[in-house]
Every structure is written in C-alpha cells, then in structure tokens.
Amino acid sequence: MTKIDQKAASATARLFTRRAALRAGAAAGAVALASPAIVRNAFASSGELNFMGWSGYPDLAAKVFPAFEKATGIKVNFLEQPDQDSMFAQAKLSLQTAAVDVVEPTLDRAAGWYSNGLIQGWDTGKLSMDSYISGLADGAAGDRATIDGKRLIVPSVWGTEAIIFSKTEAAGTYGTISLGDLWSDKYVGKVCVRAHSSLAAMGRWLDAEGKLPKPWLDSYKDEATMKQLWDIALAEATKHKANIAQFWNGENDAQAAYRTNGAVIGLNWDSTGYNLRNDGFGFLAPKEGAFAWNQGFVLMANAKNVEQAHAFAKWISTADGSAAWASAFSANPVGKGGIDLANADVKAFYANSYPGDALQKLWWWPTQEAWFIKLRGEYADKWKAA
C-alpha cells in the first residue's frame, strides 16, 4: 500500500499494531541516546531546523525532537500537516517565505516535488548512507530516490504487505512461498486479500512468469498501458474468484478473515501478521518481493538551515534515531541496529518475515498519479463485483 492508503485505513489499527511493542522497546533509547559522532559536532551544527511532516503523531514533539536536540543542540520547529497534498501546497508557499527546510513525503512523490522545483539534492557526503538497512536506501529504492544524479529523498520509516499463511494448512518457506499461491486451486474459499493490491499481486506474478506483453511497472506510467495490463490481471483474477474468502479494508476485518471466516492464506499488512502470530499463522515476504512503502526526508530548494537538515537526516539513520522515529509512527526503523531496540517478539517477527535477501527484493509501490488512483479504484470495484 502507499503511505496515503495507510494513513486513511489504519488509524484504528495503529492502536494495537505489533509496533506498539517497538514503541515500548525504543522508549528508553529515545530518552538517553548515545551517538558520539553527532554529539561531537553538536556545537558546529547547533541552531534550529524548520521541519514539516505528518500530524497525528504526538511522540515526535514529545519525545523524538527533544532527543535530537539533546544529541545535537538543534531545535526543531515542527509544522504539522494532515496529508501530502497539504505538505505540497505549503512547500510551494515556502519557496517565497523560506519557512521550511525539510519535509517528509513518501518515496513515490519525490519525483513530483523535484519536477515542480521544490527540492534540491542531499549532499550524501554529509550523511551516513552506510547506516541504512540494506535495500532501503540502495537498490531499487535508491534508484527511484535519485534523479539527474541527485539524491532527492532519504528514508525515514517503512512497512510492507506480504503473505500471511496458516502454519498447518498453507505452510510455506522463504524462496518458495509466492504471490501465485493466492490463486492456487488448493485454497478455494480460503484467501484474504485487499482488492486493488491483489490485482497488483496478480500482475506481478504474471510478469514474473513471463505472461504479460509488457513489464507490470509500465502500467503505472500511462493510462493506455495501465488499462491493457490491468485488464489482463482482472480477467485472470476473476478466473480464481472462488478462492476469495474475504476482501479486507483495514486491520479489524483482516484479522477476522483468519480467526473466524476461514482464511488460511492471504496478502496483508505486516501488522496483521504480527497480531496473528499466536493464532497459528506466519508472515513472510513472497519470492517475488514484498510490497513496500517508504517515507523519507526531502530538502527544500531554498532551505535556510542546510547543515542542520543534514544533521537531522543523519541522526534518523542511526540505530537510536531510527528506532525513535519508527516508534513514533508505529513503523519499521530504517537504520541498522534500530530493530535491536525493539522487544524480543518484534525482533523475532522481523527476522522471520524478512530472511535472506528479502529486504533487497522489496517491491516499492511506484508513483501513482491521480489518474492512476481513479482507474485503480474502478478496477478494484470490478474485481469485487465479479
């Protein structure tokens, strides 16, 4: 899912997600951070930073920004916005006022910010790119974050949508479990999926099997290609409609599908997988790669506090900083060692869900423009009604 989808659908889910445990595990680290390299530069970097980000996450102001100020001497002035459209509009105004230095959109929006002249590239020499978990700032995600040779966005938090499976009725292992399992005749009446992302799963599976006329990613580029490929995915999914036990929209109905409505396998958020871990279910990235979303930091084209901005982004890439930031958002940390600040259950879930090269194979949701979102909704409605 995209971060916008998650914002809209999971406000309630956040109250009991597995990441509440991450919050608890990282709380102490957010209070007493140890980051010698940053602290040594505190006086050189002291000052303030004007940051614009998501509203509705009180721990940012209550815990994370004070911890950052303690580590670096930099005070954060926080401008909260409810969504990315509001951030974008305020960023345009800031081109005249220079009121904002750093903003936190999602990876799929960075190209649009750049094409509108809102942001500049980061000086990666002033960051610590090696501090990020492999696969989050490099690989496919790194390629998408770089335009014209400029690194436009660096990660802050991330999450996935992957395979939930019954350990007794649909057992699978990493490297064999697949998006194609959702359509297997073994699971008639036993599959739980979200409408639009299951069509994307069908498309990605067909692509991996060499059964599409064009790469699935091309469907995100123009309407004609989108309709061509999504028509194929919809037709193929409809052949397997009997597999669907339930379409889910949010955390509550997703869990109900497995606990009470007979589902034994499906495509769901990692939070659902964690919440079902004691009910006989596993959660695992498919061999094609888990669907993933990634929030990150962009540097305004006319930022006044550039050195402070780099210190901020660098701090979030540390184990302590990334754990504190992820805890505030109930999401996954981007810095190496961040997950180690979580409690034992969270660490075990993380390790089991993304073994081997799973993080390198994450499939980041592509840029989805307004025309695409509209058509995507129409296809989802057709799929549910089929």
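**Reading pockets and helix packing**

User: Which helix and which strand each supply at least two residues of the lining of the second largest pocket?

Analyst: Helix α8 (139-144) and strand β14 (363-364) each supply at least two residues of that lining, where helices (H or I, at least four residues) and strands (E, at least two) are DSSP runs numbered from the N terminus. This is a predicted model, in which local features need pLDDT of at least 70 and side-chain atom pairs count only at pLDDT 80 or more, while totals for chains, interfaces and linings use all residues. Residues are numbered from 1 along each chain as its sequence is written, and side-chain values use heavy atoms, with hydrogens and water left out.

User: How should I read the second largest pocket, and which residues are closest to its centre?

Analyst: Rolling a probe the size of a water molecule over the atoms shows where empty space is left. On a 1 Å grid over the protein atoms alone, a cavity is a set of points where a 1.4 Å probe fits but cannot get out, whereas a pocket is an open set with protein on both sides within 12 Å along at least five of seven lines, and lining residues have an atom within 4 Å of a point. The second largest pocket holds about 330 Å³ of space, and of the 13 residues lining this pocket, R144, L217, W364, P366 and T367 are the closest to its centre. The lining comprises 7 nonpolar, 2 polar and 4 charged residues.

User: At what angle do α5 and α13 pack?

Analyst: Axes are lines fitted to C-alpha atoms over the stretch in contact, and angles run from 0 to 180 degrees between N-to-C directions. Helix α5 (residues 59-72) packs on helix α13 (residues 306-316) at about 110°, with the axes 11 Å apart, and the two are therefore roughly perpendicular (65 to 115 degrees). The contact (heavy atoms within 4.5 Å) joins V64, F65, A67, F68 and A71 of α5 to A311, F312 and W315 of α13, and its residues divide into 8 nonpolar, no polar and no charged.

User: How do α10 and α16 cross?

Analyst: The axes of α10 (residues 223-239) and α16 (residues 370-385) come within 11 Å and cross at roughly 20°, which makes α10 roughly parallel (under 35 degrees) to α16. Residues meeting across this pair include W230 and L234 in α10 and F372 and Y379 in α16, and by class the contact has 9 nonpolar, 1 polar and 5 charged residues.

Technical notes: Points joined across faces, edges and corners; volume = space filled by probe spheres on them. Nonpolar A, V, L, I, M, F, W, Y, C, P; charged D, E, K, R; others polar. Parallel < 35°, antiparallel > 145°, perpendicular 65-115°, else oblique.
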